[in-house]
Amino acid sequence: MPVATKAARLRSLELWRRAQEALAGGVSSAFRARAVPHPLYFQGGSGARLTDVDGYTYIDYTLAWGLLILGHAHPAVEQAVAEQLHQGWIYGAQHEREIRVAEKLVELIPCADQVCFSNTGTEAVQVAFRIARAFTGRSRILRFEGHYHGWLEPTPDTLILPWNDVAAVERTVAEYGREIAAVITEPILCNGGCILPAPAYLEALREITSRHGIVLVFDEVITGFRVALGGAQQRYGVIPDLATFGKAVAAGFPLSVIAGRREIMDTVASGKVMHGGSFNGNPVVLAAAEATLQELSRDDGVCLKRAAAYGARLRQGLAAAAGRQGVPLTIRGVETVFRISFGDEGPVTDERGLTAPPAGRLGAFLAAALDAGLYLLPDGRWYISSVHGEQELEETLAAAEQALAVVAQG
Ligand SMILES: Cc1ncc(COP(=O)(O)O)c(C=O)c1O
């Protein structure tokens, strides 16, 4: 693998400077501007690897922020999409594949009696709120600190609590319960440090919301089709009323899904909730989703099992390398999505509990890891795909050890 140096990524730097003239902010999604040392420009991706415009190839652990569960340019997805393109790419009307994909989702997702399609996670969350409000006749949404549910502003009647704190939910619901339409949570706090739910916390949310007639929404935009085929609800055995999916469901094509109990989803069928969208049910996107779901379901879910086994070995290898280098590395999360940080070890149950890590260590690690051939997200998050294999693991651990050695030198 060629090793890049900061100075050598001149073409990317040139494009980054040019982009800021005509493209507001220089990037198409604000989060991408945080890249260390500056946003890179890419010319291609294949399997677990991405190649930038300067000709350097990296093992990709960003996976387009979690979308590429099957890696780049997976042949089954590519073929399904290509075949659909030859038959036209949008009808603005019905086609059989939307039924087949809906049926498959109902089979895979524990809370799903029915689903609706939209295009992004942000949209799916808004649809879920609308459905919950129509179903309950209430307006408030209860959400949690550090959770990300899309880029739209929270509605003014939102209550925000620390996560993993059952007593706080009990108190708030006792006071406002009759006004609360939905409680929404990431079932694993992937966006706020990859923090796991405390034992029995999700069960407590389930019990409290049921008792107060509140719709429980799991935002599974990250966890869906990643931490288990049926999402975190399957992994933890806690079934929400509604759930939102995006990212991995179509392995990189813009599909999001709202899934839920029939009696609640009936608000859509009855017309109480207006759910529209010119791009909804796009045949190309659903071709990608159908191929993805087939691939993820085959051989008793071997793809996700392989990704999880890889993630577990990677985590062990990173911890061992950090030990050898004498660097205090913390790893939080699950096998296929986890986050590393430096110097904030100790049990953490919510975003507030994350101590500010000593300045610069993560940045130093990310820059050195990039030079050694690893492409990571700016917050230290790693996503694993089903196509990361033995070769990638070996190269990654060698590269990470080099980067940890840089951190150790201060
Ligand atoms: C948990 C969660 N919900 C919603 C969203 C918004 O999804 P999108 O970026 O597709 O609008 C994201 C995006 O990262 C997410 O992580």
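View 1. The protein chain is assigned domain 1 (6–73 + 300–408) and domain 2 (75–296), with bounds that come from an automatic or database domain assignment. This is a predicted model, in which local features need pLDDT of at least 70 and side-chain atom pairs count only at pLDDT 80 or more, whereas totals for chains, interfaces and linings use all residues. Residues are numbered from 1 along each chain as its sequence is written. The domain centres, taken over C-alpha atoms, are separated by 26 Å. In domain 1, 24 residues are in contact with 29 residues of domain 2; contact requires C-beta atoms, placed from the backbone, to lie within 7 Å. On the side of domain 1 that touches domain 2, two or more residues each come from α2 (63–66), α10 (283–325), β11 (329–334) and β12 (337–342). Helices (H or I, at least four residues) and strands (E, at least two) are DSSP runs, numbered from the N terminus. By class, this side of domain 1 has 13 nonpolar, 5 polar and 6 charged residues. Ala, Val, Leu, Ile, Met, Phe, Trp, Tyr, Cys and Pro count as nonpolar, Asp, Glu, Lys and Arg as charged, and the others, Gly among them, as polar.

**View 2. The open sheet of 4 strands.** The strand order is β1-β2-β3-β13, with mixed pairing; two strands pair if DSSP finds at least two bridges between them. Because β1 (42–46) and β13 (374–375) stand at the edges with a single partner strand each, one side of each lacks a neighbour in the sheet. Antiparallel pairing over 4 bridges links β1 and β2 (residues 49–52), and F42 has D52 in β2 as its bridge partner.

**View 3. The largest nonpolar core.** This core has 120 residues, and those with the most contacts inside it are V217, L242, A259, A288 and L374. A nonpolar core is a set of buried Ala, Val, Leu, Ile, Met, Phe, Trp, Tyr and Cys residues joined through C-beta atoms within 7 Å. A residue is buried if 20 or more other C-beta atoms, placed from the backbone, lie within 10 Å of its own, exposed if 12 or fewer, and partly exposed in between. The largest share, 17 residues, comes from α10. Each of domain 1 and domain 2 supplies at least three residues to the core.

**View 4. Strand β12 and its partners.** A hairpin joins β11 to β12 through 2 residues, and these antiparallel strands share 6 bridges. L329 has F342 in β12 as its bridge partner. β12 also pairs with β14 (residues 381–383) in the antiparallel sense over 3 bridges, with R339 opposite R381. V337, R339 and S341 point one way from β12 and F338, I340 and F342 the other way, and all are buried.

Note on methods
Two residues are in contact if their C-beta atoms, placed from the backbone, lie within 7 Å.
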